[in-house]
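User: Could you take a close look at one helix in this model for me? I am new to reading structures, so please go through it step by step.

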Amino acid sequence: MAHHEAHHIEISKEQFVVPAKAKMFTLGAAIIGLLLTVVGVFTLPTDSSHSANSHAKPATHAGHDNHGAAAQEAHKVDPNLVVDNAGHETLFPKTTHKDPEHPKPAFTRFWANLLVNGYFFLIISLAALFFIAVNHVANAGWSAAIKRIPEAMLTFIPVALVIVLVVLFVARQDLYHWAHYEHQNIAKGAPGYDKILAGKSGFLNSNILLFGTLLFVSIYFLFGLKLRSLSKKEDEVSKGDLTNFRKSVRFSGAFTVIYGFSFSVLSWLIIMSVDAHWYSTIFGVYNFATGWVSALTIICCFVLYLRSQGYLKIVSDEHVHDLGKFMFAFSIFWTYIWLAQFLLIWYAQIPEEVAYYYDRFNDPQFKFQFFLNVIMNFVAPFLILMTRNNKRNPLVLSIAALILITGHWNDVYLMVMPGTIGSAAEVGVLEIGMFTMFCGVFAYWVLQALTRRSLIAVNHPYIEESAYHDVGP
Amino acid sequence: MGIIDKNVMLRNRGKMLLGVYEDEEKVMAAAKELTGHGIPVLDVYTPYPLHGLDRIIGIKRTNLTVIAFICGLTGFSLAALMIWYMNVHDWPMNVGNKPLIFATSWIPVMFESTVLLTAFGMAFFFFWRNRLAHGIEPELLDDRQTDDRMVVVVEAGNVNEQEVLSIYRKTGAVELRERLNGTQKVVG
């Protein structure tokens, strides 16, 4: 309403051209990351008896078999009691298989990292799609001006899906002890038989892992493509034609329902099954929160970048402020979910549940990162983004964004590493390199996707509302 | 708009010049014109919010957030104090051999208490600040300001009254009034 003679905002199409500097920077990050990854892989602490194809070699089976043996031995005493490495009975069944005698093959660390990054960017791209859908469903106006950014981000879904599928296909027996157990095919009552894993095998098996992941993410991506194409069509029809918008709302409604229900299953399959004996009913929400807050942060980063390059002329500090509020609010939401999972398990101290945190909270190897997780994903954004001025300051927002993205990478790292490679996990050249590479590739990919259509959805019915968006002084 | 203004008690003020409008665009134009001439606009009363008007007439941002922060901090500390007194000091309670002082298990209570006191505190201060309570006579400059009229208010005194009235007239006010000690007089 402020637009009358106060100020008139011109809404016009904007064609984004990736600046040479941005190309150089993103591709440079990707290449440097790749080099560091290669260096990291070649300098992995190798053990002569272990190779990349560990599951083909009987010698390295011992590392995995340890669990089966321990579980079997435990059956004699109490199903909840497990014999630890030193031969002592412990209350906590170990979910990580830390056995100095039989370490996992060194190359597993590479696959575990690929899983961390692939999954992290998968949930970010999915959350970007969810952002579009939820804004359609909520009939939101303010976000119309920036909707082309999540539209570009969702094009990364197939890339992340392929990476995750490759990891699952090639390295599932190294990463998931249940997959290795499945491979062993132990008969009921035979030595090494695991009642829990056998009971879960109807869901937790390689077929469902591979085809379930493929199916779920493909369905999400089809919705993403549909919403993208409807948005593109809207640019070409005359202003005021609501056909495409109405269709988008309907598809968005269907997507939010499907995604809301099935995303939990996806997170159980890919990440929660790393600790197959353990389960958490809030895990799906927790993973959603991680992806959602990261996606909002990255949307904010792209808005800041494009504005600094003179694009997105109708996007004002008001939109940036709203994105800052989102980052702030959903950091708290993430913490809420994180704490809800942690606190109940910590307090109840049921052995099969607390094992998960025993590996992270009590283990000196992950303890620092465990606390760092809360500091980076809650304390830092909470304090930095609390005031209004900070939320409107691009520099402060960028710093908070950097902390949040790294922090949530650390979050996914902590979900995956203790259960897959345990004592071999470490943030080294490989980890930093691969994360840098993924960031570079993702940024380049999204910038390229942004060039494929106007940055401003000029015919969106709410584009004017978005242009004049004002949250007040 | 009266929500943010410091002196919400209009009866405490001196002579005021009122421009009554029936169109929001004209109100915006009048506000711009007045502030452009260096005439401070005391307030504008409208039946619905006019976005951007608060910036034009230079209304300061609400301090309610500061109140919220203080109330939240109070709730947080009170909860911590309460738990400490009950479960540590007065009657040490061993629950599953968990540490007595460990903030993690205190968080739900501290969180709820923070939210509770923030919400109550903000609601209380909001009503108190705006004199919104039973028994308080509302000070309407025009009975229709809650319906379809908008009232621009300029405080007489340091301004050229004729200039203000001519700006009102020029920008399309349907009625011009003076208000002194609670009585109004139509001047054009």
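Analyst: Happy to! Helix H13 of chain A runs over residues 364–384, so to speak a stretch of 21 residues, and spans 29 Å from its first C-alpha to its last, close to the 30 Å expected at 1.5 Å a residue. Keep in mind that this is a predicted model. Chain A has a mean pLDDT of 86, with 86% of its residues at 70 or more. Residues 1–5 of chain A are below 50 in pLDDT, and residues 48–93 of chain A are also below 50. Where pLDDT is low, the predicted coordinates should not be read in detail.

Start at the N-terminal end of H13(A). A:Asp363 caps it, with a side-chain oxygen 2.9 Å from the backbone nitrogen of A:Gln365. Further along, H13(A) has a kink of about 35 degrees, centred on A:Ile375.

Now, which residues of H13(A) are buried? They are A:Phe366, A:Gln369, A:Phe370, A:Asn373, A:Val374, A:Met376, A:Asn377, A:Ala380 and A:Pro381. And what do these buried residues pack against? Their partners are four helices of chain A: H10 (283–308), H11 (317–348), H12 (351–362) and H15 (394–420).

Beyond its neighbours within four places in sequence, A:Met153 is in contact with residues including A:Ile124, A:Ala128, A:Ile298 and A:Phe442.

Note on methods. Residues are numbered from 1 along each chain as its sequence is written. Chains are lettered from A and ligands numbered from 1 in the order in which they are written. This is a predicted model: local features need pLDDT of at least 70, side-chain atom pairs count only at pLDDT 80 or more; totals for chains, interfaces and linings use all residues. Side-chain values use heavy atoms; hydrogens and water are left out. pLDDT is the predictor's confidence in each residue, from 0 to 100. Contact means heavy atoms within 4.5 Å. Helices (H or I, at least four residues) and strands (E, at least two) are DSSP runs, numbered from the N terminus. The expected span of a helix is 1.5 Å times one less than its number of residues. The bend at a residue is the angle between axes fitted to the seven residues ending there and the seven starting there. Buried means under 20% relative accessible area, exposed over 50%, partly exposed in between (1.4 Å probe, protein chains only). A polar contact is a pair of N or O atoms within 3.5 Å; within protein, one must be able to donate a hydrogen and the other to accept it, and residues adjacent in sequence count only if both atoms are side-chain atoms.
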